[in-house]
Amino acid sequence: MSDEAPRPGRHHLHIPGPTPIPDEVTRAMARPLIDHRGPGFARLTRSILERLGPVFGCDGPIAIYPSSGTGAWEAALVNTLSRGDEVLCCDNGHFARQWGEVARRLGLTVERLGCDWRHPVDPRRLEERLAADADGRIRAVLALHNETSTGVLSDVAALRKAIDDARHEALLLVDVVSSLGAADYRHDQWGVDVTVAGSQKGLMLPPGLGLTAIGDKALAASKESGLPRSYWDWGPLLEAEERGFFPYTPAVPLLFGLDAALDLLAAEGLPAVQARHRRLAAAVHAAVDGWGLELFCSRQEARSPTLTAVRVPEGSDADELRRVILERFDLSLGTGLGPLQGRVFRVGHLGSVNDLQVAAALCGVEMGLALAGIPHRAGGVGSAMERLAAPEEPC
């Protein structure tokens with residue numbers, strides 16, 4: 001039993017995921033369970049897969065696992081590669097680095113394409129490295145669309161073009177964990193071979209589902225790959241999904257929730273969802289500029305629409321600021337990860353959030369900056385409010 005006294009009102013969750021869960025999704029997950037081998041469940045699964053396609057921007061198969069996004073990482077690797085294969089990890093943030101570490105533990109040879117964490121992945125450097133790989137030893141490129149640790153968005157279409165311009169056969173594997181359902185993404189059009197995602201961010205669900213969109217080239221590679229796999233094997237999973245089922249007990253409540261979440265995304269419309277996220281991001285960026293603080297992402301065109309990492313001045317502790325804000329205002333912000341621990345705080349503005357929720361979070365940050373003694377200018381919230389009150393962009 002907790003000794004803490006109950007706090008009035010609701011907790012304000014503005015980490016980059018998990019994100020707030022809509023009431024419609026919560027109610028859907030509370031439904032009584034049904035037979036996961038019955039006809040009603042088969043109809044549910046087929047409907048979910050059909051509606052997930054436009055979210056990924058793909059017409060091909062999508063594998064759904066009871067897992068985190070890390071499980072989808074592993075599935076992408078073990079289904080397409082063999083022990084000793086070389087992969088090139090575009091290392092522009094904590095989660096990009098972690099994906100490379102998963103590959104290393106699986107027995108793959110990992111080369112890191114060193115990147116400035118404040119910038120998106122540079123397509124020119126990727127092309128140069130692949131052009132130098134005359135023997136085609138690099139079998140796959142690992143990249144993040146939206147690096148959750150830094151708030152930096154990379155140009156996936158440009159990365160595909162870099163691979164093609166280098167006349168290289170490497171697969172392109174892309175993580176969209178913190179962008180799917182909130183930012184523009186086009187698996188097929190951009191030529192991605194495997195796209196991996198999780199349920200707990202733009203899809204507005206609790207953690208627990210790993211989702212993988214699979215292109216034709218990756219599917220062909222899975223017939224030849226040699227890494228051990230059982231639970232993660234695409235073969236039996238995709239075969240079962242065609243009939244509306246899974247080769248093991250699925251996470252039925254989460255699938256109920258995903259069904260409701262896809263309804264919400266369709267009702268708002270993906271273009272409107274993406275425009276809303278861009279508007280909220282612009283408001284957060286305006287607040288940071290107004291406070292005289294610095295966005296970690298140093299390129300305006302690469303600023304994430306779903307989360308913002310903010311640098312605190314030298315001599316300040318971002319985690320102490322987060323502690324003050326949590327204790328005083330019941331507002332959770334994201335911590336810095338890896339080498340950014342204590343140097344940045346992250347504001348999540350993705351999923352089921354609106355203008356007033358983001359404005360309230362920014363009020364908490366501005367008051368917290370003053371209470372924590374962080375050097376800043378007053379008025380950032382006012383700048384954000386001006387941006388939120390401006391006419392909405394057309395979808």
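**Buried contacts and nonpolar cores in a predicted model**

User: Which residues does Ala361 touch, not counting residues up to four places away in sequence?
Analyst: In this predicted model, Ala361 is found in helix H12, residues 355–371. Leaving out residues up to four places away in sequence, Ala361 touches His14 and Leu331.

User: How many Å apart in space are Ala361 and His14, C-alpha to C-alpha?
Analyst: In sequence, Ala361 and His14 are 347 residues apart. In space, their C-alpha to C-alpha distance is 7.3 Å.

User: Is Ala361 buried or exposed?
Analyst: Buried means under 20% relative accessible area. The relative accessible area of Ala361 is 3%, so Ala361 is buried.

User: Is Ser316 buried or exposed, and which residues does Ser316 touch?
Analyst: Ser316 is found in the loop between strand E12 (307–311) and helix H11 (318–329). Its relative accessibility is 19%, and the cut-off is under 20%, so Ser316 counts as buried. Not counting residues up to four places away in sequence, Ser316 touches Gly342, Ile374 and Pro375.

User: Which residues is Leu258 in contact with, leaving aside neighbours within four places in sequence?
Analyst: Leu258 is one of the residues that touch the most other members of the largest nonpolar core. With neighbours within four places set aside, Leu258 is in contact with Ile48, Leu52, Ile64, Leu203, Leu205, Leu209 and Leu211.

Methods
Residues numbered from 1 in each chain as written. Predicted model: local features only at pLDDT ≥ 70, side-chain atom pairs only at ≥ 80, totals over all residues. Heavy atoms only, no water. Core = buried A, V, L, I, M, F, W, Y, C linked by side-chain atoms within 4.5 Å. Buried < 20%, exposed > 50% of the residue type's maximum accessible area, 1.4 Å probe, protein only. Contact = heavy atoms within 4.5 Å. Helix = DSSP H or I, 4+ residues; strand = E, 2+ residues; numbered from the N terminus.
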